[in-house]
Amino acid sequence: MNLTLFIWRQKGRDTKGSLEQYEAKDISTEMSFLEMLDEVNEQLIKNNQEPIAFDHDCREGICGMCSQVINGVPHGPQQRTTVCQLHMRHFKDGDSIYIEPWRARAFPVIKDLITDRSSMDSIIQAGGYISVHTGGVPDANAVLISKENADTAMDASECIGCGACVAACPNGSAMLFTAAKITHLASLPQGQIEAARRVCIMTEAMLQNGFGNCSNHYECQAACPKGIRVSFIAKLNREFMKAHLKDSV
Amino acid sequence: MAVTGQILVLFIIIHMIGNSAIYSGGLNAYADRLHSLPLLVWIFRLVMLTMFSLHIVFGIGLYLENRKAKPDEYAIRKDMRATFASKNMVWTGLLTGVFLVYHLLHFTIQIIHPESAALSNSDASGLPDVSGMVVQSFQDAGVSAVYVFAVTALFLHLSHGIQSSFQSTGISSERTLPVIIKTGAITALVLFLGYVSIPVLIYIGLVKG
Amino acid sequence: MLLDGKCPSGPLSEKWERHRQNLKLVNPANKRKYTILVVGTGLAGASAAATLGELGYNVEAFCYQDSPRRGHSIAAQGGINAAKNYPNDGDSIFRLFYDTIKGGDFRAREANVYRLAMLSNNIIDQCVAQGVPFARDYAGYLDNRSFGGAQVSRTFYARGQTGQQLLLGAYAALMRQVKAGTVRLHPRSEMLDVVIIDGEAKGITVRDMVTGHVGSYAGDAVCLCTGGYANVFYLSTNAMGSNVTAAYRAYKKGAFFANPCYTQIHPTCIPVSGEHQSKLTLMSESLRNDGRVWVPKMNGDKRTPNEIPHAERDYFLERKYPGFGNLAPRDIASRSAKEVCDEGRGTGSSGFGVYLDFEDAIKRLGESVIRERYGNLFEMYDRITGEDAYKQPMRIYPAPHYTMGGLWVDYNLQSNVPGLFVLGEANFSDHGANRLGASALMQGLADGYFVIPYTIAGYLAQAVPGRVTAAHPAFIKSIEDVNSLTKKLLSINGKKTVNDFHRELGRIMWEHVGMARSEEGLKRALKLIPELRSEFWQNVKVPGSSENLNQELEKAGRVADFLEFGELMARDALNREESCGGHFRVEHQMPDGEAKRDDKNYCYVAAWEFKGLNYEPDMHKEPLTFENVALAVRSYK
Ligand SMILES: Cc1cc2nc3c(=O)[nH]c(=O)nc-3n(C[C@H](O)[C@H](O)[C@H](O)COP(=O)(O)OP(=O)(O)OC[C@H]3O[C@@H](n4cnc5c(N)ncnc54)[C@H](O)[C@@H]3O)c2cc1C
Ligand code: HEM
Ligand code: FES
């Protein structure tokens with residue numbers, strides 16, 4: 001099939017970008033979306049043009065590196081699917097496809113479709129961990145954890161840190177990302193000891209890093225390739241209130 | 001934000017129930033009873049004023065922060081769950097705020113339509129004629145239109161705001177959120193119908209005070 | 001030269017303990033004066049950097065992704081082994097040790113493997129304490145499953161995302177140290193050279209992948225944790241950026257490369273769909289527990305699978321290996337699949353695929369049971385192929401997956417270059433000629449959390465901290481070398497893209513240095529690879545400049561290294577006149593097609609020393625001795 005692509009091109013952080021039009025010819029329905037872009041890039045190179053820069057690595061939907069907004073939806077039209085797992089059979093011959101980078105103040109564009117997402121690492125740095133030393137820990141079965149809690153922790157911990165939630169959020173908020181980590185750790189007995197402190201510093205770090213606030217549009221859940229749920233945001237809010245109530249008592 | 005919003009919602013529910021006294025013809029008596037407790041009324045007004053002010057300050061602050069966090073928009077954007085209501089909270093809120101000033105000038109300070117002011121008109125039993133004031137005002141198409149418009153804005157505001165406040169205060173959960181979303185929207189709708197019915201029914205002449 | 005693995009003496013189970021007692025310590029007050037450069041933040045790198053930082057060393061951590069959380073360890077699905085024996089089914093440290101060494105076809109060091117089995121238990125404890133959400137039963141205890149044909153249930157798992165969860169645990173520990181100020185992160189940084197001063201590793205040269213700036217970092221020791229090189233085959237289950245560059249450039253600076261020919265081909269991957277294919281996706285091997293593998297009996301049978309009656313299907317694994325059937329070991333299953341496809345009986349549009357059929361399992365157990373067991377895998381398969389595996393058989397094909405070979409290290413994980421330590425998949429140490437399922441994660445974390453923190457002290461304690469700075473001429477030279485290589489790549493301006501060359505190299509490697517290797521094929525590869533390489537240096541087209549983000553330039557550097565490294569692999573495979581583990585030489589097989597090991601002549605590690613591009617590398621042998629296990633012949637009949 002043949003497609004018309006409108007792709008965001010931007011040379012560097014401080015330069016202005018724009019949407020440029022490209023034709024993708026003879027695209028097979030078997031290709032993944034990124035393989036389609038590979039193909040376009042091969043042609044660009046052969047025509048002495050600069051290829052389109054985009055982030056990707058594992059190409060199996062788990063590293064969280066790939067990050068493109070396709071026709072207005074982060075990771076494109078197929079639900080619960082990263083761009084790298086999206087296949088061209090979901091498009092039709094003659095389609096126009098708009099491809100843009102994640103947009104949020106906390107994610108400045110570095111080049112073309114590549115953004116700087118280190119702000120998400122900063123949120124984790126603030127407190128997204130259990131402060132355990134290497135070695136000197138009890139036997140793994142010394143603390144029992146109900147299956148239900150372990151499952152909730154796992155549900156939350158499936159987040160791949162791609163930032164689609166931020167890209168989808170009209171407020172550029174990283175609330176779903178932060179909430180997933182809070183929920184993961186607060187669902188486990190090991191994580192509860194630092195829970196109050198953690199939720200305060202992580203939400204603070206989120207704002208410090210230029211993310212917006214949550215106003216419950218729930219776009220994040222719809223965009224999340226891993227199905228991370230907004231109920232975790234409620235959990236974060238609950239933990240937050242608990243922390244503050246404890247503080248003021 | 002959420003807590004102030006919830007308190008405002010509570011007020012709005014009570015206010016609607018109070019207003020519905022107009023249908024049973026007891027509005028004047030209800031208003032009179034309220035005014036016989038000036039201390040309570042003033043405390044109440046003060047609390048509401050604080051809540052409102054806080055809500056507005058937080059709301060606008062939040063809006064500005066969030067706008068800053070999303071400086072560039074997509075060339076094409078497709079909403080999946082966001083709604084017109086959720087994206088225009090500050091505007092529907094502000095409209096409600098502006099309307100509130102109008103509403104206070106109209107029915108509390110009563111300087112918009114001084115001719116029908118309850119302060120200067122009494123009903124048959126000698127009480128200030130609130131009911132008459134309301135009915136006379138709403139027979140004016142312009143006034144009714146302002147109210148209908150404002151209540152619509154409020155409806156939009158609450159259709160998102162109510163469920164949102166439950167999420168923000170962490171009351172909702174995986175299981176309850178869908179229910180809360182529905183209940184929030186229904187509550188907003190009931191409030192809308194409750195409020196909009198007064199000017200509409202009066203204007204079309206079904207309620208005559 | 002005979003190499004010495006420096007394994008401690010004494011009874012197997014006491015070696016590590018004794019060795020730890022004998023290792024020197026670094027005074028706590030002095031630790032922060034030592035800078036350790038950790039390259040790679042996968043399981044091995046993140047766990048090492050976090051632990052070293054916590055101990056008080058000054059750590060600089062590098063990775064090529066935008067965040068340390070994205071190392072390719074994240075993709076591991078199945079699980080991680082440990083000898084906890086929680087299910088009480090007869091597991092023990094010794095049994096895990098034995099299985100691992102036997103799985104590696106007796107081509108690994110006893111002492112290393114035993115230590116690994118011992119530390120496996122500490123890893124699980126550590127990860128649970130970090131909050132890794134391993135699967136649990138209803139009583140709240142950790143759950144185990146049997147994996148990769150093991151006779152005991154010793155695999156811990158977190159849904160189908162064990163690697164992700166372990167890496168997030170290590171990443172969290174790392175981020176905690178970043179906050180504490182002991183570790184500094186350098187994401188989007190690619191290591192392009194090791195700097196060696198007076199014979200010791202004292203720094204690295206790195207390209208900032210955003211600005212293009214090439215700079216050096218001086219340190220007191222370097223830890224390479226840069227993963228495996230399966231991408232030499234172009235198509236593999238590795239990430240697009242996985243490379244041999246870090247290890248290979250260390251090799252060119254004098255570090256020995258051990259057993260490069262030991263590569264693992266995984267039998268259950270989604271087949272190639274066309275020329276455009278950029279990588280292959282692994283599907284959990286657990287599918288073989290219920291799926292039956294078959295191809296049509298007839299050559300070139302074009303009927304749809306459901307139209308082919310049972311009598312006309314060849315369930316070749318069940319036929320050839322009745323004992324193990326569809327659960328035959330990875331290498332056997334892979335090789336058999338390739339054989340039937342080469343005979344022309346392969347399925348799918350490319351002809352390179354075999355069916356993995358769940359029809360019988362669905363009949364026997366019901367669709368809901370299958371859905372519960374493999375629902376997410378069927379979904380993934382559907383997403384990629386657009387086919388519903390509940391209704392028609394899956395198609396699978398083998399793909400390069402893991403590389404057992406790597407830089408040579410001794411028991412301390414130190415290469416032959418003092419100060420250069422190698423951890424995780426990047427070293428050669430623990431898996432011999434073949435790796436058992438669920439043991440790579442274990443090794444990466446054992447190396448990072450529990451081995452390097454001790455052994456590196458032994459080296460540092462006798463080194464003067466901060467002896468060299470990046471102003472040393474060796475650094476300046478290293479930067480110049482890197483820059484001139486870059487300039488050369490950018491100036492060729494030929495006709496073929498980097499991918500064209502990589503694809504072609506992959507074809508050569510797959511054909512001749514893949515699952516079944518012959519003297520003739522290997523010799524052919526040794527002729528074809530240098531030809532391709534010289535064409536590369538004349539005809540490759542690398543657009544753009546070196547002064548900003550340039551993904552083609554990054555790729556070009558990696559492919560340039562693969563083009564040299566492929567030759568080393570072929571050479572190693574040619575040298576090893578036996579079949580063992582993942583290395584199968586067609587000349588050395590039993591009458592029934594089983595691998596024929598030659599313990600008399602090849603029970604050694606082959607460690608190669610670079611002698612210049614146009615010279616043959618030198619081979620050094622490290623003899624392997626077995627004091628605690630008898631060298632058994634593997635048989636899966
Ligand atoms: C699909 C798949 C499934 C698997 N499943 C299992 C399983 O179930 N159980 C199991 O035990 N094992 C499994 N394995 C194997 C296991 O995941 C890996 O062997 C292991 O995770 C490797 O860890 P590592 O830390 O050595 O390297 P990696 O995790 O690959 O990390 C390499 C790091 O080095 C960095 N790096 C590389 N080159 C450079 C450079 N030049 N400059 C700077 N940084 C660089 C990268 O940024 C990255 O941070 C699987 C592997 C794959 C591919
Ligand atoms: C001048 C008047 C008002 C302004 C400017 C205003 C503004 C806002 C804003 C900006 C928000 C945040 C929306 C978001 O989360 O994106 C909000 C939320 C909300 N508002 Fe208002 N509002 C006003 C009046 C009211 C009134 C009269 C009520 C109730 C009767 C109300 C109830 C709520 C509720 C319940 C929320 C949700 C709070 C949350 O989820 O945290 N608001 N308002
Ligand atoms: S490239 Fe790894 S998730 Fe898409």
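The model is predicted, so local features need pLDDT of at least 70 and side-chain atom pairs count only at pLDDT 80 or more, while totals for chains, interfaces and linings use all residues; side-chain values use heavy atoms, with hydrogens and water left out. Residues are numbered from 1 along each chain as its sequence is written, and chains are lettered from A and ligands numbered from 1 in the order in which they are written.

- Helices (H or I, at least four residues) and strands (E, at least two) are DSSP runs, numbered from the N terminus.
- Ideal angles for six octahedral donors are 90 or 180 degrees.
- B:His55 is buried at 15% relative accessible area, and B:His157 is buried at 13%.
- Buried means under 20% relative accessible area, exposed over 50%, and partly exposed in between (1.4 Å probe, protein chains only).

**Salt bridges**

- Over all chains, the structure holds 79 salt bridges, each a side-chain nitrogen of Lys or Arg within 4 Å of a carboxyl oxygen of Asp or Glu.
- One of them pairs C:Lys84 with A:Asp139, whose closest N and O atoms are 2.9 Å apart.
- C:Lys84 lies in the loop between strand S3 (80-81) and helix H4 (93-103) of chain C, and A:Asp139 in the loop between helix H2 (118-127) and helix H3 (147-157) of chain A, so the pair joins two chains.
- C:Lys84 is buried at 13%, whereas A:Asp139 is partly exposed at 35%.
- C:Glu275 and C:Arg507 form another salt bridge, with closest N and O atoms 3.4 Å apart.
- C:Glu275 sits in the loop between strand S11 (263-269) and strand S12 (292-296), and C:Arg507 in helix H14 (residues 498-512) of chain C, so this pair ties together parts 232 residues apart in sequence.
- C:Glu275 is exposed at 54%, while C:Arg507 is partly exposed at 46%.
- A network of salt bridges links C:Asp105, C:Arg107, C:Arg576, C:Glu578, C:Arg597 and C:Asp599.

**Nonpolar cores**

- The largest nonpolar core has 225 residues, and C:Ile80 and C:Phe134 touch the most other members.
- Another core, of 27 residues, lies apart from it, with A:Leu34, A:Cys84, A:Phe91 and A:Leu113 among them.
- Such a core is a set of buried Ala, Val, Leu, Ile, Met, Phe, Trp, Tyr and Cys residues joined through side-chain atoms within 4.5 Å.

**Domains of chain C**

- The domain assignment (automatic or from a database) gives domain 1 (265-401) and domain 2 (475-603) of chain C.
- Their centres, taken over C-alpha atoms, are separated by 29 Å.
- In domain 1 of chain C, 10 residues are in contact with 10 residues of domain 2 of chain C, where contact means heavy atoms within 4.5 Å.
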